[in-house]
Amino acid sequence: MMKRNASTDPMIGYAIFYLVFLYGPVLLLPLFSFNDSIFVAFPLKGFTFQWYVAMANNDALIHALANSLKVGVSASVISTILGILAAKAMTRYRLPGRGPVSGLILLPLVIPSIILGIALLVLALNVFKIDPSLYTIIAGHVLICVPFAMLVMMSRLEGFDKNLEEASADLGENGWQTFWRVTFPLAMPGIVASLLLCFTTSFDEFLLAFFLAGNEATLPLFIFSQLRLPNQLPSVLALGSCILGVSFLVVFLSERTRRVGLQKKPAATAEATS
């Protein structure tokens with residue numbers, strides 16, 4: 001039996017402290033969402049489902065959630081498509097001015113969101129004469145999500161053999177057919193990762209939505225507006241618990257699917273070589 005190195009004890013303690021510090025406050029959300037009191041404090045008063053019922057009957061909350069889903073799905077799909085095109089251009093072609101172009105695409109990552117939000121609002125109102133709406137929020141979120149999508153797709157496209165695309169071209173496929181039959185299936189894990197990352201970024205974004213929303217509130221804006229009302233806070237906690245549960249389920253199913261795929265891959269390889 002291997003003896004545990006005494007020097008690893010502080011690291012184990014640090015890891016435990018870090019996990020408790022990181023996930024402890026998150027795990028308090030479900031706990032207080034079942035508390036029979038509008039005040040988030042110990043001791044707990046009792047067990048109740050009334051805040052979940054109130055959440056389901058809150059039309060403004062449901063409308064804000066639907067807006068966030070619309071914005072998140074639209075921004076993630078558009079950003080991933082643009083990210084694929086940008087990543088393919090960066091990794092497969094020798095472009096003049098590749099460095100400056102890449103820097104311009106990544107620039108929104110280093111610009112403060114409040115400055116970006118003000119600039120986009122001025123641009124929408126004074127240049128394009130567009131009133132703030134969900135469409136302006138989507139445009140703003142695409143701007144900040146494209147860099148993430150491009151970085152994820154660049155790492156994926158650089159991770160498989162380019163000779164596969166060259167072999168497809170040698171067999172008579174054009175560029176579009178090569179992309180759909182060779183590049184797209186191989187890049188699918190990166191595409192899924194990009195969609196999830198962009199959706200999470202858009203779903204959680206507050207400052208751009210604050211400047212570009214107009215009369216259409218997204219979920220972060222709605223939650224911020226409810227924090228001043230103590231009687232509405234438990235419903236927000238119930239919503240946070242539901243989002244936390246859905247997020248855990250998505251991560252669990254993704255990891256399970258990945259493991260099943262890894263188990264099937266050796267079997268498929270053995271069958272193909274037999």
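Contacts between residues 24 or more positions apart make up 71% of the chain's contacts with a separation of 6 or more. A contact here means heavy atoms within 4.5 Å. The structure is a predicted model: local features need pLDDT of at least 70, side-chain atom pairs count only at pLDDT 80 or more, and totals for chains, interfaces and linings use all residues. Residues are numbered from 1 along each chain as its sequence is written, and side-chain values use heavy atoms, with hydrogens and water left out.

The chain contains eleven helices and zero strands. Helices (H or I, at least four residues) and strands (E, at least two) are DSSP runs, numbered from the N terminus. Of the 274 residues, 31% count as buried. Buried means under 20% relative accessible area, exposed means over 50%, and partly exposed lies in between (1.4 Å probe, protein chains only). The accessible surface comes to about 17500 Å². Carbon and sulfur atoms hold 71% of that surface. Areas follow the Shrake-Rupley method with a 1.4 Å probe; for residues, only the protein chains shown count as cover.

Individual residues illustrate these classes. Ser241 sits in helix 11 (residues 233-273). Its relative accessible area is 10%, so Ser241 is buried. Leaving aside residues up to four places away in sequence, Ser241 touches Leu29, Pro30, Ser33 and Tyr52. Ala66 belongs to helix 3. With a relative accessible area of 28%, Ala66 is partly exposed. The C-alpha atoms of Ala66 and Thr218 are separated by 8.0 Å, although the two residues are 152 residues apart along the chain. Lys129 occupies the loop between helix 5 (113-127) and helix 6 (134-157). Lys129 is exposed, at 63% relative accessible area. Its phi is near 55°, a positive value in a residue other than glycine.

The second largest pocket has a volume of about 270 Å³. It is lined by 13 residues, and those closest to its centre are Ile81, Ile84, Leu85, Phe179 and Phe184. A pocket is an open set of points on a 1 Å grid over the protein atoms alone, where a 1.4 Å probe fits, with protein on both sides within 12 Å along at least five of seven lines; lining residues have an atom within 4 Å of a point. Grid points are joined across faces, edges and corners, and the volume is the space filled by probe spheres set on the points. Helix 3 (59-92) and helix 8 (175-204) each supply at least two lining residues. Helix 8 gives the largest share, seven residues. By class, the lining has ten nonpolar, two polar and one charged residues. Ala, Val, Leu, Ile, Met, Phe, Trp, Tyr, Cys and Pro count as nonpolar, Asp, Glu, Lys and Arg as charged, and the others, Gly among them, as polar.

Aromatic pairs number seven. Rings of Phe, Tyr and Trp (its six-membered ring) pair if their centres lie within 6.5 Å; planes under 30 degrees apart count as stacked, over 60 as edge-to-face and the rest as tilted. Phe47 and Phe49 form an edge-to-face pair, 5.1 Å centre to centre with 90° between the planes. Phe47 counts as exposed, at 59% relative accessibility. The ring centres of Phe206 and Phe224 are 5.3 Å apart and their planes stand at 55°, so this pair is tilted. Phe206 lies in the loop between helix 8 and helix 9 (207-212) and Phe224 in helix 10 (residues 219-226), so the pair ties together parts 18 residues apart in sequence. Phe206 is partly exposed at 25% relative accessibility. Phe224 is also partly exposed, at 48%. Ring pairs link Phe206, Phe210, Phe211 and Phe224 into a cluster.
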